[in-house]
Amino acid sequence: MPLKLPPQQPAVPGTIFNPYADLAGGRWLKGNLHAHTTHSDGTSTPQQVVDIYASKGHDFLMISDHDILTTAEDHAQLDRQGLILIPGNEISRSGPHMLHVGARELIYPHMPRQRVINEAVASGGFIVVAHPNWQGQFNHARIEQMQEWVDYLGMEIYNGAIGRLDGSSYALDKWDLLLSAGRQVWGFANDDSHHAQFNDYALGWNVAYVTDPTPQGVVAALQAGRFYASTGVTISSITLNDRTIRIESPDAQRIVAYHQIGKRFATVDSNVMEVTIPEHASYVRFECWGKGETFAWTQPIFHVPFPAAPKK
């Protein structure tokens, strides 16, 4: 099911929903949810794609061919190379592309896309909006559409393949707009791998805290937001004590904290940050900046803000 914050009756100012609370009994696993094969428009066979990701040190993978569902039965025909393989596909034809992660059946690419989301959620798994800032106007998925759609779990805040196409690999602008409007959306980093010649592999990934190392266990961890997105930076610890958050990232050179409309409220040139959630912030998120163009992004930590002081 899509993310639903715990109900607060009433919403008590200062209440926090932290997806990284109670991390115990599991381990961090690295994986990609957006990869294409010769079954659609990729240049490598499914087995070659599995072999490549295994060689890159990934722990889980979803083959996401366009409007072609890769099932557990298909996985059984492959040498998994130790990878946890997740059923799914990319719903593509006729409109904005969407990843159906943990799919149990193929969903027709309906327009409007809300029908796709509804059917996907009802049939199992979840939806991630793919590469929102692809194409010439940075509008493959327009912010108006993403504000209108409901019940999708997340969006690609980074898509590796778009770096060689029109548009932007990054969609942090749309993420902050959605979060600032009270939307509960997780941020994913994926390769969208197609071509070995362009080195589309291991450009971006998701690191999930998994207690059940099965396809269902990985899907459950992602649904709960127990993951961070990365293009090369590691987060070793995310802890919360009252309203104070501590982030440790051993290979970060800078850590930046954000809240409403993408405002930076704290920056440190260090691999450790400790900050207090601002009273009037409805969410906070963190970016860890590494060497060159490498980053890690936490999921948002949601906060019921305290009322603003009356203006004099």
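1. Strands (E, at least two residues) and helices (H or I, at least four residues) are taken here as DSSP runs numbered from the N terminus, and two strands are said to pair if DSSP finds at least two bridges between them. The model is predicted, so that local features need pLDDT of at least 70 and side-chain atom pairs count only at pLDDT 80 or more, whereas totals for chains, interfaces and linings use all residues. Residues are numbered from 1 along each chain as its sequence is written, and side-chain values use heavy atoms, with hydrogens and water left out.

2. On those terms, five strands form an open sheet with mixed pairing, in the order E5-E6-E7-E8-E9. Its edges are strand E5 (88-91) and strand E9 (186-190), each of which pairs on one side only. From one strand to the next the twist averages 30°, where axes are lines fitted to C-alpha atoms (for helices over the stretch in contact) and angles run from 0 to 180 degrees between N-to-C directions.

3. Helix H3 (residues 113-123) lies across E5, E6 and strand E7 (126-129), and its direction makes an angle of about 10° with E6.

4. The largest has 49 residues, of which Val101, Tyr152, Met155 and Phe188 touch the most other members. A second, separate core has 22 residues, including Val207, Ile235, Val275 and Ile301. Buried means under 20% relative accessible area, exposed over 50% and partly exposed in between, with a 1.4 Å probe and protein chains only.

5. Side chains of opposite charge can pair when their charged atoms come close. Eight salt bridges are found in a search of the whole structure, the criterion being a side-chain nitrogen of Lys or Arg within 4 Å of a carboxyl oxygen of Asp or Glu. In one of them, glutamate 287 and arginine 285 meet with an N to O distance of 3.0 Å; glutamate 287 is buried at 5% relative accessibility, and arginine 285 is likewise buried, at 2%. Both belong to a network of salt bridges that also links Asp176.

6. Aspartate 269 and arginine 254 form another salt bridge, their closest N and O atoms being 2.5 Å apart. Because aspartate 269 lies in the loop between strand E15 (263-268) and strand E16 (272-276), while arginine 254 lies in strand E14 (residues 254-259), the pair ties together parts that are 15 residues apart in sequence. Aspartate 269 is exposed, with a relative accessible area of 57%, whereas arginine 254 is partly exposed at 27%.

7. For the salt bridge between glutamate 144 and arginine 142, the closest N and O atoms are 4.0 Å apart. Glutamate 144 is partly exposed, at 49% relative accessible area, and arginine 142 is partly exposed at 40%.

8. Threonine 211 sits in the loop between strand E10 (205-210) and helix H6 (215-223), where its relative accessibility of 45% counts as partly exposed. Leaving aside neighbours within four places in sequence, threonine 211 is in contact (heavy atoms within 4.5 Å) with Ala24, Gly25 and Gly26. Alanine 21 is 190 residues from threonine 211 in sequence and 14 Å from it in space, C-alpha to C-alpha.

Notes:
A nonpolar core is a set of buried Ala, Val, Leu, Ile, Met, Phe, Trp, Tyr and Cys residues joined through side-chain atoms within 4.5 Å.
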